[in-house]
Amino acid sequence: MTKFRLIILGFASTVFIITGCDETQASNNKNVKELTPTSVQKEVQLRGDFKRSFEVYELASNDITYYVSDPKQLLMKDSKSVNQKGYYKYFETCVVGKISSIGKYGPLGKYQNQITVREICV
């Protein structure tokens, strides 16, 4: 009798897992709203607090937090000038760059705004 219960339990859990992992159900969901860009990229100068840690690469300025895209690694060079060594960084800076349209940026789409750094300002 115990073997029969284990077989039924194993079969039921397999059916439950297969049903829960069905991709067609998620891809056919009509209630999902897509974020559409609300503006074009514009170049700005921002002063704020830059922070880098595990899955965090952000600049907080004027009560808005931006995901930072820094293709030239200018902020890493700037961090050395303020004697910040190691992986984790936190310092005030000024950057010039382009703000992307509203979307989902960074790990898991956590950030609504992104700035692509072109240069460090004084």
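Which residue in E2 does arginine 52 stand opposite? I looked this up first in the predicted model. Arginine 52 faces tyrosine 57 across the pairing.

**Entry: strand E2 and its neighbours**

I then followed the strands on either hand of that pair. Strand E1 covers residues 42-53 and runs antiparallel to E2, with five bridges joining them. The two form a hairpin with two residues between them. In that turn I noted glutamate 55, which has a positive phi of about 55 degrees.

E2 also pairs with strand E3 (residues 64-69), again in the antiparallel sense, over four bridges. Here I found serine 61 opposite isoleucine 64 of E3. The hairpin of E2 and E3 has two residues between the strands, and asparagine 62 takes a positive phi near 55 degrees.

I checked burial for E2 (residues 56-61): five of its six residues are buried, so the strand is largely enclosed by the rest of the structure.

**Entry: the disulfide**

I searched the whole structure for disulfides and found one. It joins cysteine 94 to cysteine 121, with an S to S distance of 1.8 Å. Cysteine 94 sits in strand E4 (residues 89-99) and cysteine 121 in the segment after strand E5 (113-120), so the link ties together parts that are 27 residues apart in sequence. I read -90 degrees about the S-S bond, which is a left-handed link.

Are the two cysteines buried or exposed? Cysteine 94 is buried, at 3% relative accessible area. Cysteine 121, at 15%, is buried because the cut-off is under 20%.

Technical notes
Residues are numbered from 1 along each chain as its sequence is written. This is a predicted model: local features need pLDDT of at least 70, side-chain atom pairs count only at pLDDT 80 or more; totals for chains, interfaces and linings use all residues. Side-chain values use heavy atoms; hydrogens and water are left out. A disulfide is a pair of cysteine sulfur atoms within 2.5 Å. Buried means under 20% relative accessible area, exposed over 50%, partly exposed in between (1.4 Å probe, protein chains only). Two strands pair if DSSP finds at least two bridges between them.
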